[in-house]
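The chain is shown first.

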Amino acid sequence: MTTAEPLPRTAGTVGLDRRQVHAVAACYFVASFAALGLPPYLTEIVPGLGDRDGHWAGLLYIVPTVFTALGAPLWGRLADRFGQKRLLLRAQLGLAVSFLLAGAADSLPAFTVALVFQGFLGGTFSATNGYLAAALDGSQLSRALTLMQGSARAALVAAPILVGTLSPWIDPHRQYLVLAVLPLTAAVLLNFLPEPVRPAAARTGRDAAEADPPGSLRLLYTFEFAFVFATIISFPYLITLVQQRLPGVNGAVAGLLFALPHLVYLVGAGRVHSAVEARPRTGLAVGFALVALGLAGHAPAHSLLTFALTRAVLGLGMTFGLVCLAVLAAEAARGRAPGRMFGTRETVSKCGAVAAGLAAALANGSSGPAAPVVTGTVAALAAALLALLTRRSPR
């Protein structure tokens, strides 16, 4: 059987089918639980490691992000050389090892080293996207990338709830040990999937003719950075802002407001993809404009209804932005080594997240918890203008 060959590259081999793509999405979802669910509880974890006042929690929050940004290009190049499946398995196993180290750490330095390993050895999102891009093309790839973002949003909503539910019985620190089983399970399941091979039509001379020019790839990275920056900047101090504006609101309501944009994505991503697939630059401009509108709405919001409406508008903008970026990434991936491209994209994305965190901290320190959303509004408006000015550029 041809499936016994390690890296089949024959012209007649086709990409992944729908069930296999859904299996990849499920593996990414379960592997994301600890990575996304436990960081909000760092303020509860670090006092038990010697940092009684939790001063290091904010810095530790971005440690995995920084080292993911540093490691992603290297792992992407290795994936192009040795196979996307092997490097995706490496990412899942790397997460499992880092979670075990974090759960077993008995000091702040040891815990910090585990978070460094989590960032450098993980990178499951870029590895997953590279795996898909090596097998799919065009609309199939953009829909698969949209599905991966749905997995990330679903994990971002569900994981903190699960961790909080388990906290009365298992300390969040030790939950790293328990949740390490999830990336291990994902690795086992992924092992049954094939080494991806892009459909023959996507490997012919058409690639060179239809591939985006280098400037378009740089523009994709610019939009990626701007989008991550504009959306993430509102995250760190949102709960503080809600509690300040709505005294007496309970944690569940504040958490729901935090999660609302991600829920909007889960509901609307499929429909938005169908609407913007033929005009992603225009859709991206709409997405940035809606993000700016949603962020600006946080400043005057003083009631639960207005907060919910502004968060829903932000969620709609996130949906347009993420889907259009998926379509543009699928176009850019045609004719390019997927591991290197998605590794670089992951680095740009993580740099945007780190910049957003630093900007949020500076803005909050100088003008209060409403200031970060104002900064994000300005960034989103500038990016919307850039998307409008470049929407007619040739592919």
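## Trp56

Trp56 counts as partly exposed, because its relative accessibility is 46%, a value that falls between the 20% limit for buried and the 50% limit for exposed. In this predicted model, Trp56 is found in the loop that runs between α2 (42-45) and α3.

Leaving aside residues up to four places away in sequence, Trp56 touches Asp51 and Leu108. Ala26 is 30 residues from Trp56 along the chain, and the C-alpha atoms of the two are separated by 33 Å.

## Helices α3 and α16

Helix α3 spans residues 57-82 and helix α16 spans residues 338-367; their axes come within 7 Å and cross at roughly 175°. The pair is therefore roughly antiparallel, since the cut-off for that class is an angle over 145 degrees. On the α3 side the contact consists of Thr65, Val66, Thr68, Ala69, Ala72, Pro73, Gly76, Arg77 and Asp80. These meet Pro338, Gly339, Arg340, Gly343, Glu346, Thr347, Lys350, Cys351, Ala353 and Val354 in α16. By class, the contact of α3 with α16 has eight nonpolar, six polar and five charged residues.

Which residues does Thr65 touch, not counting residues up to four places away in sequence? They are Lys350, Ala353 and Val354. Thr65 itself lies in helix α3. Between Thr65 and Ile232 there are 167 residues of separation along the chain, and their C-alpha atoms are 13 Å apart.

## Helices α4 and α9

Helix α4 (residues 84-104) packs against helix α9 (residues 181-190) at an angle of about 160°, and the axes are 8 Å apart. The two helices are therefore roughly antiparallel to each other. Their crossing is left-handed.

From α4, the residues in contact are Lys85, Leu88, Leu89, Gln92, Leu93, Leu95, Ala96 and Phe99. From α9, they are Pro183, Leu184, Ala186, Ala187 and Leu190. The contact of α4 with α9 divides into eleven nonpolar residues, one polar and one charged.

## Helices α7 and α13

How do the axes of α7 and α13 cross, and at roughly what angle? Helix α7 (residues 138-166) and helix α13 (residues 251-276) have axes that come within 9 Å and cross at roughly 165°. That angle makes α7 roughly antiparallel to α13. The crossing of α7 and α13 is left-handed.

The α7 residues of the contact are Ser139, Ser142, Arg143, Thr146, Gln149, Gly150, Arg153, Ala154, Leu156 and Val157. In α13 they meet Ala259, His262, Leu263, Tyr265, Leu266, Ala269, His273 and Ser274. Sorted by class, the contact of α7 with α13 has eight nonpolar, eight polar and two charged residues.

## Gly268 in α13

Gly268 lies in helix α13. Is Gly268 buried or exposed? Gly268 is buried, because its relative accessible area is 17%, and the cut-off for buried is under 20%.

Gly268 and Phe320 are 52 residues apart in sequence, and the distance between them in space is 9.1 Å, C-alpha to C-alpha.

## Helix α14

Helix α14 covers residues 280-298, a run of 19 residues. From its first C-alpha to its last, α14 reaches 27 Å, close to the 27 Å expected at 1.5 Å a residue.

How many of the 19 residues of α14 are buried? The count is 14, and α14 is mostly covered.

Definitions and conventions: Residues are numbered from 1 along each chain as its sequence is written. This is a predicted model: local features need pLDDT of at least 70, side-chain atom pairs count only at pLDDT 80 or more; totals for chains, interfaces and linings use all residues. Side-chain values use heavy atoms; hydrogens and water are left out. Axes are lines fitted to C-alpha atoms, for helices over the stretch in contact, and angles run from 0 to 180 degrees between N-to-C directions. Helices (H or I, at least four residues) and strands (E, at least two) are DSSP runs, numbered from the N terminus. Angles under 35 degrees count as roughly parallel, over 145 as roughly antiparallel, 65 to 115 as roughly perpendicular and the rest as oblique. A crossing is left-handed if the near helix is turned anticlockwise from the far one by less than a right angle, and right-handed if clockwise. Contact means heavy atoms within 4.5 Å. Ala, Val, Leu, Ile, Met, Phe, Trp, Tyr, Cys and Pro count as nonpolar, Asp, Glu, Lys and Arg as charged, and the others, Gly among them, as polar. The expected span of a helix is 1.5 Å times one less than its number of residues. Buried means under 20% relative accessible area, exposed over 50%, partly exposed in between (1.4 Å probe, protein chains only).
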